[in-house]
Amino acid sequence: MRPPTHHLALALFIVAIVAAYWRAPAVSSTEFSPPAKAVASSLPAQFASEMLPEQEGAASHPNLTELPDGRIAAAWLSSKGEAQVIHFSVLDRDGWRQPVPIASRESTAGGAFAYVNQIGQPVLHAEGSWLHLWYVSSTLGPSINHSLSTDGGKSWANPSRLQTSPLANFGGEVRTPPIALADGGLGLPISHHFIGQHGEWLRLAATGQILDKVRLPSAEGALQPAIVVLSEKRALAVLRNAGSVPGFVHAATTLDGGQVWQEGAAPPIPNPNSAVTLLRLRSGRLLLAGNPAAGTQTLQLWLSADEGKNWQVSRRIEFAPDGGAEFTNPALLLGRDGRIHLAYDWRRQGIKYAVLTEAWLDEEAP
């Protein structure tokens, strides 16, 4: 029996879309912007923390960046009932400014000309005088939106969706900051959640166009990659273990600027299916933040002095014996002055922000 004509036409249409999407131009050799030369930090031991200001509703999923003038900016998701807003604030010498909304379900739907069921995790990135915002929205599946501010976050362009998938543009999520490339572009770590789950690497041109997409090899259920650059060609990614059985953090490496990734040896860091983040410090050591095997009632830091081959437990940031406590979704940022900035979900009530130094990490915990 001959198939119905409309079924055949639909199949040919889908094949044509997929073929057109993947008919991408050849990608030239890439390099990362080289990391700063490792130097010993001269900052004294320091640790201070405070809660970020918040409007009504629950706050979660923070992200941090440093503005050209040295101020720290934060974005996070606020939820109250069905209302969801991404808030933005800047740390001045007088403290954190009153948060302002920079994205919502309504503004996202207007930019995409489509119904938006919910929005999620934001990622901020300062690039010269530009301030990028990527964030998740969901209709039938998750998609990545991008908006741009050219005035330090005072105003934002209408968001547009990144075309990360040929299948209805669903499946992409962001969580960790992009990596600067030597050609002026960016490498954006993302997760794929449509017909399978895995980490991916998007290569973006300086204009924002997607030039390439590469899957990060790892075990099934490895998501939310966080990446640090080790040299012009080498980088390390660590990924959340989102498998059915709690295990350890996953890893992937590249030796050619992100064109090809190989599965790396899993760090001996337990991961109870919760987000991790990674940072290269001024000394060249790597700092990882996440939850240990005990669960999300503890927020822990680990250090590596050999590019992620071996890790040791550093400081414990939070611990609470009550089962309802959660300290999750950490975000790390290294300031140009060498100070380390950390933000995370605090007890499902708000966002806590901390500033610390390498000398404090090396002190013996009380």
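Me: How many residues does the chain have, and what percentage of them count as buried?
Reply: In this predicted model, 51% of the 366 residues of the chain count as buried. The cut-off for buried is under 20% relative accessible area.

Me: How do strands of a sheet pair?
Reply: In general, they pair through backbone hydrogen bonds, in a parallel or an antiparallel sense. Here, strand 3 (residues 72–80) pairs with strand 2 (residues 58–66) in the antiparallel sense over seven bridges. Strand 3 also pairs with strand 4 (residues 83–92), again antiparallel, over nine bridges.

Me: Why is strand 3 described as largely enclosed?
Reply: Seven of its nine residues are buried, so strand 3 is largely enclosed by the rest of the structure.

Me: How do I read the strand order of an open sheet, such as the one of four strands?
Reply: That sheet runs 22-23-24-25 with antiparallel pairing. Strand 22 (277–280) and strand 25 (312–319) are at the edges; each has a single partner strand, so one side of each lacks a neighbour in the sheet. On average, neighbouring strands of this sheet are turned by 20° against each other, direction ignored. Strand 25 pairs with strand 24 (residues 298–304) over five antiparallel bridges, and Thr298 stands opposite Phe319 in strand 25.

Note on methods
Residues numbered from 1 in each chain as written. Predicted model: local features only at pLDDT ≥ 70, side-chain atom pairs only at ≥ 80, totals over all residues. Heavy atoms only, no water. Buried < 20%, exposed > 50% of the residue type's maximum accessible area, 1.4 Å probe, protein only. Pairing = 2+ DSSP bridges. Helix = DSSP H or I, 4+ residues; strand = E, 2+ residues; numbered from the N terminus. Axes fitted to C-alpha atoms, helices over the stretch in contact; angles between N-to-C directions.
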